Amino acid sequence: MPATVATVSVTLDASAGAHRVPMAYERRGNGEPLLLLHGIGHHRQAWDPVLDTLATERDVVAVDLPGFGESPALPDGVSHSLSTVVPALGSLCEELGIERPHVAGNSMGGMIALELGRQKLVRSVTALSPGGFWSEAERRYAFGVLRGMHLGARLLPPPVVEQLARTTAGRALLVSTIYARPGRRSPEGAVAETLALRKATGFGATLAEGRGVLLTDDVPDVPVTIAWGTRDRVLVGRQGIRAKYAIPGARLVRLRGCGHVPMSDDPALVARVLLDGSRPVPAV
């Protein structure tokens, strides 16, 4: 299916000084618009295992968030916070001619997706293991895991990464923290995401902003699906229960056998959850 891969300049919120910054994206498919947001240290290709399936029913836009993938970090003095990234995504949708898309996000992307829902900028929200529903101990643990992954990606020379990715055991060493079934990740995918983490210019600033995030507010009047992998080793499953308490109207789905980034562990299941979560709500 043909795809548009491009970069567009978006305007940040006026409080950030009305900067214009580039944001990379891939667009494909037909139907109602669906915006896809990856997690910290990742890139838009995290969605590749489900992209073709989603594109049969949705106009899909997978984004490289600021400081990740092909999108550069925000300018000096501009924070990588929700108050900056959310308006930037609103500006991106405006540039692409999209009005109130559905949105799905994983981890950090799920946290952003929920904020887009709170601000009524989207039609529906599907959040896969979203950040922000942690206890302080759980946050410290998760951030420690993420820092360790980032350090490992920076220390491993690219030729070593490529050699490890050729075997199932090597891919497990590279990506088993975020995948329950690392053997299902392609060698090319494992190399690309390890190098994306290595080069993630927004990693430190984004992680620092996450320290103060605790999601306790409801997302009224917007359909919300919260999905959590039963084998998530980064954000433990009980955080999904907290999310349900915070957002009582949300649909809570368990992704059996999936890890923190479930799209590769079970593409068919995740695609179904995303499509169901973004279906039009019947009029009463």
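Which residues is Leu36 in contact with, leaving aside its neighbours within four places in sequence? They are Trp47, Leu51, Leu54, Val60, Val61, Ala62, Val63, Ala104 and Leu274. Contact here means heavy atoms within 4.5 Å.

## Basis of the model

This is a predicted model: local features need pLDDT of at least 70, side-chain atom pairs count only at pLDDT 80 or more, and totals for chains, interfaces and linings use all residues. Residues are numbered from 1 along each chain as its sequence is written, and side-chain values use heavy atoms, with hydrogens and water left out.

## Nonpolar core

The largest nonpolar core holds 91 residues. Leu36, Leu89 and Leu114 have the most contacts inside it. Such a core is a set of buried Ala, Val, Leu, Ile, Met, Phe, Trp, Tyr and Cys residues joined through side-chain atoms within 4.5 Å. Buried means under 20% relative accessible area, exposed over 50%, and partly exposed in between (1.4 Å probe, protein chains only).

Arg44 sits in the loop between strand E3 (32–37) and helix H1 (48–55). Helices (H or I, at least four residues) and strands (E, at least two) are DSSP runs, numbered from the N terminus. Arg44 is buried, at 4% relative accessible area. Its side chain makes a polar contact of 2.5 Å with the side chain of Asp64. A polar contact of 2.9 Å joins the side chains of Arg44 and Glu70. The term covers a pair of N or O atoms within 3.5 Å; within protein, one must be able to donate a hydrogen and the other to accept it, and residues adjacent in sequence count only if both atoms are side-chain atoms.

Arg44 also forms a salt bridge with Glu26 (4.0 Å, N to O). This pair links distant parts of the chain: Glu26 is in strand E2 (residues 20–29), 18 residues apart from Arg44. Both Glu26 and Arg44 are buried.

## Other salt bridges

A salt bridge is a side-chain nitrogen of Lys or Arg within 4 Å of a carboxyl oxygen of Asp or Glu. The count by this rule is 16. One of them pairs Arg118 with Glu115, with the closest N and O atoms 3.6 Å apart. The two lie three residues apart in helix H3 (residues 108–118), so about one helical turn separates them. Arg118 is buried at 16%, and Glu115 is buried at 17%.

Arg238 and Glu138 form another, at 2.6 Å between the closest N and O atoms. Arg238 lies in helix H9 (residues 238–246) and Glu138 in helix H4 (residues 136–155), so the pair ties together parts 100 residues apart in sequence. Arg238 is exposed at 52% relative accessibility, whereas Glu138 is buried at 7%.

Salt bridges that share partners join Glu26, Arg28, Arg44, Asp52, Asp64 and Glu70 into one network.
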